[in-house]
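Here are my notes for you to read alongside the model. Keep the 3D view open and find each residue as it comes up.

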Amino acid sequence: MSPTPRTALTIAGSDSGGGAGLQADLRTFFACGVHGMTAVTAVTVQNSLGVQGFTEIPADVVTAQIKAVSGDMGVDAAKTGMLATADIIQAVAKTLDEVHIGRHASIPFVVDPVAASMHGDALLREEALEAIRTELFPRATIVTPNLDEVRLLTGLTVTDAESQREAAKLLLELGPQWVLVKGGHMHDDPHCVDLLSDGAQFVELAGVRHETEHTHGGGDTLASAITASLAKGLGVPDAVSTAKRFIERSVAESYPLGAGVGPVSPFWRLDHEQI
Ligand code: PLP
């Protein structure tokens, strides 16, 4: 028998291609040594070429999954990915309060405000964006938007360090404890500079940009690596810098799969010789 590892819950959609969504979260949790659990919100039909469609899970079934695992197994940290509809978001927010997950409770909560895939396919019904702002952001320990999501949430187009800082301030006004404004999509910058802030500190986290087109699941992998580190008890700045090293290596080790965009890969963390 082994000691029970820390636990992390992802509230997210399924990617049939296995590169993003809850599949990316689970393999990241596994690679980071925490036990992963899932509350499935939607089932996407998807491959390397894009998302062909999705069906959402009824909100009461999403709620029941969260209650089932948190009541029995315990959750050391949770995250959200694709949430699909305003109904699901409202039900998730209410349930998280009941099970004491979130910035005002004892359990860290990461919100990755997923709106669309990198191919531009919608993963969130349009009316649900407001629910992310009003229901989830105030409960979040940290939110991790990319620049497209920043534009959708604040109306601001980030082009440089100054506008990135402005975006962080606007997002913090929505109530999260920390914000990580990911700069990975500012392609004329040779580095990937992410800005982490709680309103008092503004920390620029520079990383190396790897020239690969295979970055499917990158955002999910970063957010779930942050969640895993928080589940292990790290503070937010340490959890983010640890996760940033994790995603950098996972992007460097991404692989082609299918005719389109291949996934980032945390396989480097495993000792394949042992298997
Ligand atoms: N599919 C699901 C279920 C997701 O949750 C996400 C992102 O969170 C994606 C697809 C999109 O991933 P990417 O933008 O890396 O292609």
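This is a predicted model: local features need pLDDT of at least 70, side-chain atom pairs count only at pLDDT 80 or more; totals for chains, interfaces and linings use all residues.

**Notes on the fold and a few places to look**

1. Let's begin with a tryptophan.

2. What does Trp 268 pair with? Its partner is Phe 246, and the aromatic pair they form is tilted, with 5.3 Å from centre to centre and 50 degrees between the planes. Phe 246 itself is buried, because its relative accessibility is 3%.

3. Now for another pair of rings; the structure holds two aromatic pairs. Tyr 255 and Phe 267 have ring centres 5.8 Å apart and planes at 25 degrees, so this pair is stacked. Both Tyr 255 and Phe 267 lie in the segment after α8, and their pairing ties together parts that are 12 residues apart in sequence. How well covered are they? Tyr 255 counts as partly exposed at 23% relative accessibility, and Phe 267 is also partly exposed, with a relative accessible area of 36%.

4. Next, zoom out to the whole chain. Along its principal axes, the C-alpha trace spans about 50 × 45 × 35 Å.

5. How much of the chain is tucked away? Of its 275 residues, 54% count as buried. The chain exposes about 12100 Å², and carbon and sulfur atoms supply 53% of that area. Among contacts with a separation of 6 or more, 68% are between residues 24 or more positions apart.

6. Have a look at Thr 44, which is found in strand β2 (residues 35–47). Buried or exposed? Thr 44 counts as buried because its relative accessibility is 3%. A polar atom of its side chain lies 2.6 Å from the backbone oxygen of Ser 14, and the side chain of Thr 44 also makes a polar contact of 2.8 Å with the side chain of Gln 46. Beyond its neighbours within four places in sequence, Thr 44 is in contact with several residues, including Asp 15, Val 51, Phe 54, Met 82 and Leu 123.

7. Helix α3 (residues 86–98) is worth a quick check. Its 13 residues reach 19 Å from the first C-alpha to the last, close to the expected 18 Å. The buried residues in α3 include Ile 88, Ile 89, Val 92 and Leu 96. After α3 comes His 100, whose phi is positive, near 60 degrees.

8. Finish with helix α6 (residues 161–172). At 1.5 Å a residue, its 12 residues should span 16 Å, and its end C-alpha atoms are 17 Å apart, which agrees. In α6, Ser 163, Gln 164, Ala 167, Ala 168, Leu 171 and Leu 172 are buried. What do the buried residues of α6 pack against? They pack against α5 (147–154) and the strands β7 (178–181), β8 (191–197) and β9 (202–208).

Conventions
Residues are numbered from 1 along each chain as its sequence is written. Side-chain values use heavy atoms; hydrogens and water are left out. Helices (H or I, at least four residues) and strands (E, at least two) are DSSP runs, numbered from the N terminus. The expected span of a helix is 1.5 Å times one less than its number of residues. Buried means under 20% relative accessible area, exposed over 50%, partly exposed in between (1.4 Å probe, protein chains only). A polar contact is a pair of N or O atoms within 3.5 Å; within protein, one must be able to donate a hydrogen and the other to accept it, and residues adjacent in sequence count only if both atoms are side-chain atoms. Contact means heavy atoms within 4.5 Å. Accessible areas come from the Shrake-Rupley method with a 1.4 Å probe; for residues, only the protein chains shown count as cover. Rings of Phe, Tyr and Trp (its six-membered ring) pair if their centres lie within 6.5 Å; planes under 30 degrees apart count as stacked, over 60 as edge-to-face and the rest as tilted.
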